Amino acid sequence: GISKKSPRMDAAEKVEASARRAPAPEKKELKKVDKSKAKKLVELKKWNAVAMWSWDIEVNTCAICRNLLMELCIECQANQGSSSADCTVAWGVCQHAFHFHCIERWLKTRSVCPLDEQEWECQRYGH
C-alpha cells in the first residue's frame, strides 16, 4: 500500500519550509578595513617642504646698481633703517626692470631706459 505521511515533518522538510518563508538574503556589506592594522608599505615620518621663487624676467639684476632685484638697491643698503618693503622694483613698458630708487635717480638726468635707450615709461612698480 500507500503510506501516509505523518503530520510531523522530517528535518529535511523543515529546512526546505523555512527557506521558502525566509526573506531573500541581504547583500553583505564590505568589511571596513582598520587602517591601523593594515600592512603599510611606506610610512611618512617627517616632511620638509622647500620652495624657491624668482622674478619672471630674463635678467634678475638691476643694470644700474648691479645688485639682484630681490636684494636692496645700493641706496637702501646705505640707509641702515631701510627694509625690503621700502625697496621696490620698477618695470618699464620695454620689459626691463630696475630698482625703483635706481631708475628714479637715473631719470633725473636722462629720460630713456638705461638698456635700450627707448623713452622710459613705467609700466608697473612694486613687488
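## The overall layout

The protein has three helices and three strands. This is a predicted model, so everything below describes that prediction.

How much of the protein is buried? Of its 127 residues, 20% fall in the buried class. As for contacts between residues with a separation of 6 or more, 49% of them link residues 24 or more positions apart.

## The sheet

Let's start with the strands. In general, strands of a sheet pair through backbone hydrogen bonds, in a parallel or an antiparallel way. Here, the three strands make an open sheet, lined up as β2-β1-β3, with antiparallel pairing. The edge places go to β2 (97-99) and β3 (122-125); each has a single partner strand, so one side of each has no neighbour in the sheet. Going from one strand to the next, the twist averages 30 degrees.

## Strand β1 and its partners

Strand β1 covers residues 89-92 and pairs with β2 over three antiparallel bridges. Two of the pairings can be picked out by name: Ala-90 has Phe-98 of β2 as its bridge partner, and Val-89 sits opposite His-99, also in β2. The hairpin of β1 and β2 has four residues between the strands, and in this hairpin Gln-95 takes a positive phi near 75 degrees.

Turn to β3 and you find three bridges again, joining this strand to β1 in an antiparallel run. Here Gly-92 is the residue to look for, as it stands opposite Cys-122 of β3. Which way do the residues of β1 point? Val-89 and Trp-91 point one way, while Ala-90 and Gly-92 point the other way, and all are buried.

## A closer look at His-99

His-99 belongs to strand β2. Is His-99 buried or exposed? Its relative accessibility is 0%, so His-99 counts as buried.

What does His-99 touch, apart from its neighbours within four places in sequence? The list of contacts includes the cysteines Cys-62, Cys-65, Cys-73 and Cys-87. Also among them are Leu-68, Leu-69 and Leu-72, along with Asn-67, Glu-71 and Thr-88. From strand β1 (residues 89-92), Val-89 and Ala-90 are in contact with His-99 too.

## Helix α3 against the sheet

Next comes α3, made up of residues 100-107. This helix lies across β1 and β2, and runs at about 95 degrees to β2.

Which residues of α3 are buried? His-101, Cys-102 and Ile-103 are. As for their surroundings, the buried residues of α3 pack against β1, β2 and the helix α2 (74-78).

## The largest pocket

Last stop: the largest pocket, which holds about 170 Å³ of space. Ten residues line this pocket, and the closest to its centre are Val-59, Gln-95, His-96, Ala-97 and Leu-115. Two of these names link back to the strands: Gln-95 is the residue with the positive phi in the hairpin of β1 and β2, and Ala-97 falls within β2 (97-99).

What classes of residue make up the lining? There are six nonpolar, three polar and one charged.

Note on methods:
Residues numbered from 1 in each chain as written. Predicted model: local features only at pLDDT ≥ 70, side-chain atom pairs only at ≥ 80, totals over all residues. Heavy atoms only, no water. Pairing = 2+ DSSP bridges. Axes fitted to C-alpha atoms, helices over the stretch in contact; angles between N-to-C directions. Contact = heavy atoms within 4.5 Å. 1 Å grid on protein atoms, 1.4 Å probe; cavity = no way out; pocket = protein on both sides within 12 Å on 5 of 7 lines; lining within 4 Å. Points joined across faces, edges and corners; volume = space filled by probe spheres on them. Nonpolar A, V, L, I, M, F, W, Y, C, P; charged D, E, K, R; others polar. Buried < 20%, exposed > 50% of the residue type's maximum accessible area, 1.4 Å probe, protein only.
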